[in-house]
Amino acid sequence: MDSLIASFLTLILTETGDRTQLLAAALAIRFASNRPVILGLAAASLVNCLISAFAGSFIDQWVSQDPVRLFNGLAYVLAGVAMLAWRRPVDLLEGWKTGPFLTAFLGIFILQFGDKGQFIIGANAARADHWLFPAIGGWLGTLVAVIPAILLKERLAKILPVSKIRIGGGVALCLLGLIHALKAWHII
């Protein structure tokens, strides 16, 4: 259950101001409809979260606890660095001739595949009692972070201090990851 909460909170943090939020809001504006974009987001994020958690569960079977803790620490550090790093512009998928659900599903799936959220969920799944808990937590965290962007669109940036959240979250994730890594090396 701890892995569900950790994945939930971490994904809310890492998705705030991230490209998934921006793409989802842009698609909601482009298609003038929230429902298919939300459904596409939910489906794409669920598939990505299940893939990463299932893959992460295999790590625990092959390696001892210290390397798993180190993997967890590195995933958090890299997610923190990604939150602090320069952001590439989001492709708004304007050339795609698919409908709103399929555009949202494929665009968000591709955008999230191999992103920091997948590594966080995989790392949490490697330490979890069951891989499904971090998958559910990550999925719900993504929805909680991105659905307001779909509903509020550009107004979200005026309501939330996105840059401060990204800086504070990035620093916090780097520190948390460093603590996990130091514990894996038995330094602390």
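Helices (H or I, at least four residues) and strands (E, at least two) were taken as DSSP runs and numbered from the N terminus. The model is predicted, so that local features required pLDDT of at least 70 and side-chain atom pairs pLDDT 80 or more, whereas totals for chains, interfaces and linings use all residues. Residues are numbered from 1 along each chain as its sequence is written, and side-chain values use heavy atoms, without hydrogens and water.

His-180 lies in helix α9 (residues 162-184) and, at 15% relative accessibility, counts as buried (under 20% relative accessible area, with exposed over 50% and partly exposed in between; 1.4 Å probe, protein chains only). Apart from neighbours within four places in sequence, His-180 is in contact with Arg-69, Asn-72, Gly-73 and Arg-127, contact being heavy atoms within 4.5 Å.

Helix α7 (residues 132-152) has 21 residues and should span 30 Å, which agrees with the 30 Å between its end C-alpha atoms; the expected span is 1.5 Å times one less than the number of residues. Among the buried residues of α7 are Gly-137, Gly-141 and Val-146, and the elements covering its buried residues include α1 (2-15), α3 (35-62) and α6 (116-127).

The structure holds 6 aromatic pairs, defined by ring centres of Phe, Tyr and Trp (its six-membered ring) within 6.5 Å, with planes under 30 degrees apart stacked, over 60 edge-to-face and the rest tilted. Phe-54 and Trp-131 form an edge-to-face pair, 5.3 Å centre to centre with 75 degrees between the planes, which links helix α3 to the loop between α6 and α7 across 77 residues.
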